[in-house]
Amino acid sequence: MQLLLDLHPEEYPLEGFRRRQLLEWVFVQGVSSFEAMTNLPAQMRADLAARYTLNPFREIETVRSADGSVKYLFTLQDGRQMEAVYMPYLDRKTVCVSTMVGCPARCAFCATGAMGFGRNLTPGEIVGQVLAVAGGEGIAPREIRNLVFMGMGEAMLNYAQTMKAARILLHPQALGMSKRRVTLSTVGIARGIRQLAQEDDLGLKLAISLHAPDEETRRRIIPTGAANSIEEIMAAARDYQAVTGRRVTFEYTMLRGVNDHLWQAERLADLLRGLVSHVNLIPMNPWEGSDFEASSEEQIQAFYDVLESRGVDVSVRRSRGKDAGAACGQLALKRPGAALGVPA
């Protein structure tokens with residue numbers, strides 16, 4: 001049986017007015033069954049139910065943080081598991097979605113990287129996270145206006161599925177999100193960055209997880225970094241900006257005694273010269289079994305001061321949901337026997 005959410009709105013099985021009704025039930029009302037679509041004829045609903053399923057998930061669990069963030073643990077229909085995070089703010093509601101079960105990038109400071117790689121998610125399994133979060137929070141799907149592809153997985157290595165999911169999320173008859181409010185994060189897949197620049201209809205914001213300005217340090221903390229050198233990543237970022245005219249964000253997780261030296265701040269400023277960019281300094285979030293510690297507040301401030309003095313647009317990003325294991329770098333299912341996202 002096919003997952004309906006895997007289809008682009010223009011691929012939905014009904015025509016004209018009936019298709020618009022179907023799309024409204026799915027993306028505006030957020031219903032989870034065809035039976036609930038009461039303005040569709042009974043036989044039409046039965047036919048849809050015989051051919052399609054609306055739910056990508058077998059089970060959904062939540063862990064709520066004191067700061068209002070919520071970690072969603074999804075068990076997929078094949079039994080594998082992945083997570084998304086809901087982050088409510090005063091002026092917006094944001095969902096951080098996953099594009100894979102686990103992650104092949106293997107960043108040494110990231111709990112998801114320690115899990116290994118399970119499989120790619122389909123477009124419907126990506127979009128379904130947003131709908132499920134809306135349902136779980138008791139809000140309409142279109143109340144979620146901000147989305148980041150920053151959960152489990154390397155989106156650039158599940159490129160086609162992620163791009164289709166983005167097109168569904170942005171489609172005016174689906175969730176109608178603004179391209180200015182959707183960000184895709186990558187560990188630095190140069191060919192993917194250049195390919196994204198050519199997606200004229202998307203206009204997604206780009207965030208590059210750089211984490212070190214020198215090859216020796218970067219390859220230590222990102223073992224797969226050898227496939228894309230810093231020089232290649234920066235060249236791709238400049239090409240992306242030349243094509244799109246959009247600012248590039250660089251994520252930089254602060255690791256005590258590893259990548260927080262002031263000479264590294266100077267090197268990072270050199271890399272960014274002439275590029276319209278923003279740097280997010282992210283204090284490393286702790287997780288059981290990690291060999292790394294977060295930089296001290298004093299060292300983060302000193303690193304910040306160097307960048308600012310060199311004219312770099314920089315901020316310190318305080319992750320939410322730490323107590324729920326929902327912060328950046330913490331997503332790891334909290335399940336024994338879950339090395340590939342398979343429940344025990």
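Biologist: In this predicted model, is the crossing of α9 and α10 left-handed or right-handed?

Modeller: The crossing of α9 and α10 is right-handed. The axes of helix α9 (residues 262-272) and α10 come within 9 Å and cross at roughly 35 degrees.

Biologist: Which residues make the contact of α9 and α10?

Modeller: Helix α9 contributes Leu 262, Gln 264, Ala 265, Glu 266, Leu 268 and Ala 269, while α10 contributes Gln 299, Ala 302, Phe 303, Val 306 and Leu 307. By class, eight are nonpolar, two polar and one charged.

Biologist: Why is the pair of Tyr 72 and Phe 74 called stacked?

Modeller: The ring centres of Tyr 72 and Phe 74 are 6.0 Å apart, and their planes lie at 20 degrees.

Biologist: What makes the pair of Tyr 252 and Phe 303 tilted?

Modeller: The angle between the planes is 35 degrees, with 5.2 Å centre to centre. Stacked requires under 30 degrees and edge-to-face over 60, and the rest count as tilted; the pair is therefore tilted. Tyr 252 belongs to strand β12 (residues 248-254) and Phe 303 to helix α10 (residues 297-309), 51 residues apart, and the pair thus links distant parts of the chain. Tyr 252 and Phe 303 are buried.

Definitions and conventions
Residues numbered from 1 in each chain as written. Predicted model: local features only at pLDDT ≥ 70, side-chain atom pairs only at ≥ 80, totals over all residues. Heavy atoms only, no water. Phe/Tyr/Trp six-rings, centres within 6.5 Å; stacked < 30°, edge-to-face > 60°. Helix = DSSP H or I, 4+ residues; strand = E, 2+ residues; numbered from the N terminus. Buried < 20%, exposed > 50% of the residue type's maximum accessible area, 1.4 Å probe, protein only. Axes fitted to C-alpha atoms, helices over the stretch in contact; angles between N-to-C directions. Left-handed = near helix turned anticlockwise from the far one by under 90°. Contact = heavy atoms within 4.5 Å. Nonpolar A, V, L, I, M, F, W, Y, C, P; charged D, E, K, R; others polar.
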